[in-house]
Amino acid sequence: MTVWTGDVVGGGTDSNIFMTLYGINGSTEEMQLDKKKARFEREQNDTFIMEILDIAPFTKMRIRIDGLGSRPEWFLERILLKNMNTGDLTMFYYGDWLSQRKGKKTLVCEMCAVIDEEEMMEWTSYTVAVKTSDILGAGTDANVFIIIFGENGDSGTLALKQSANWNKFERNNTDTFNFPDMLSLGHLCKLRVWHDNKGIFPGWHLSYVDVKDNSRDETFRFQCDCWLSKSEGDGQTVRDFACANNKINDELEETTYEIVIETGNGGETRENVWLILEGRKNRSKEFLVENSSRQRAFRKGTTDTFEFDSVYLGDIASLCVGHLAREDRFIPKRELVWHVKTITITEMEYGNVYFFNCDCLIPLKRKRKYFKVFEVTKTTESFASKIQSLVPVKYEVIVTTGYEPGAGTDANVFVTIFGANGDTGKRELKQKMRNLFERGSTDRFFLETLELGELRKVRLEHDSSGYCAGWLVEKVEVTNTSTGVATIFNCGRWLDKKRGDGLTWRDLFPSV
């Protein structure tokens, strides 16, 4: 990775720089860029060797600075990524300040990936309408933030600052916020909402949030109907919500299917091919691909791609494939066959992919009553489709503090739980009128979030505040209360600026 700092006065920085990469196959966690050897100086390019998950082709990059140091601003020109194995190049252009005073007055930017001079994502604007409930004490004086999740990643943290209403988030009011020039997230599936618990009346009862993608002219509703309050309900001020209009899956609406057919070397055809898709909810009409002398398909060793409009079929289970002679065509006595190797079907609205490993010779027939039936071999469910079906689940988090002298902490403690379906976001572990995380103690908490799936990691951290901040953590146990499945994350290390490696955070992984 090569990073160019701009040739402008004061363009270099001493701030800490963080990067998150997004690709077709997922995203990285936020990573800090190493500042050693006088990096990020004016009119300078700095090169890093980084090892990340294979999520290419890349779609976007998020860069964040913390605004600290004697030079808290930075003029970022551009960034180049080069795959050391394949030589593939991806450019990210910015050409502006990351600063609280200059340029766009922001410390965070998102850059679209450019491959072979083509932008990999589209731009859009979002309008966010927030409805506060009509119940006593529903309004809040706190500062409110959201993160929008979609098939193309997440929006990063968006502060809900400027509304048409002077006094935001009042009882039974709707506040509207505009976010121009954002990279499109595609089909939206999840919303994270939280507030900072500040102000005289911080508690908030949220009715719903509507997010409109203005380019698509489509609105996504996130139904909430609950408290975000430390003194009401379950005491949580952070909540995740699945998109409510994903119930469209249960309705007979039109959608588009992309069909990719691979012809093997065992036989090509100049004749027609037809398919019918069998889904959980519906059976499609016939999709006929007509061969002609001008437009040939189904040659040996080639792949052909088609689009097919249909009612929504639900999960696709099987398909019928026929090999049909064109009208008035002579069929010789010797049997003509077409070798269909694989068929891949993508439901374009939600991005679910269905694979059929056919590897079959289909004889040419004059009537449609002759066909082959293939069962789905493998299904890849898109992130958006997976998230839309999730329900809220309570997780029990048990933290065991070590027994050595000084093992307890007075600092504020936070946890983030990562699973196959996403993460909880950073949650504070706090209880009223209790002295938590004392030497040899076991502390129990409950967090509600959308079902995380298989748990993969826990990040535990503290803010080093208090008289005795250092902390020895023995282990963390997380239990899905709806299934009873418990996952243990052993630690046995200090989170202390003055002991061990000086880190105040740990990534813990499931114990065998």
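**A tour of the salt bridges and a charged patch**

Begin by selecting Glu29, Lys457, Arg459 and Asp507, which in this predicted model are linked in a network of salt bridges.

Stay on Glu29, whose side chain meets that of Lys457 in a salt bridge at 2.1 Å, N to O. Because Glu29 sits in the loop between strand E3 (26-27) and strand E4 (31-32) while Lys457 belongs to strand E34 (residues 455-462), the pair ties together parts that are 428 residues apart in sequence. If you show the surface, Glu29 is partly exposed, with a relative accessible area of 33%, whereas Lys457 is buried, at 6%.

Arg459 is partly exposed, with a relative accessible area of 22%.

Now move to Lys341 and Glu262, another salt bridge, in which the closest N and O atoms are 4.0 Å apart. Lys341 lies in strand E25 (residues 337-347) and Glu262 in strand E20 (residues 254-263), 79 residues apart. Lys341 is partly exposed at 37% relative accessible area, and Glu262 is partly exposed at 24%. In total, the structure holds 33 salt bridges.

For a last stop, select Asp88, Asp116, Glu117 and Glu118, which gather in a patch of negative charge on the surface. Glu118 is in strand E10 (residues 118-119) and is exposed, with a relative accessible area of 52%.

Conventions:
Residues numbered from 1 in each chain as written. Predicted model: local features only at pLDDT ≥ 70, side-chain atom pairs only at ≥ 80, totals over all residues. Heavy atoms only, no water. Patch = residues over 30% accessible without salt bridge, like charges linked within 9 Å, V, L, I, M, F, W, Y side chains within 5 Å. Areas by Shrake-Rupley, 256 points an atom, 1.4 Å probe, with all protein chains shown as cover. Lys, Arg positive; Asp, Glu negative; His and termini not counted. Charge placed at Lys NZ, Arg CZ, Asp CG, Glu CD. Helix = DSSP H or I, 4+ residues; strand = E, 2+ residues; numbered from the N terminus. Buried < 20%, exposed > 50% of the residue type's maximum accessible area, 1.4 Å probe, protein only.
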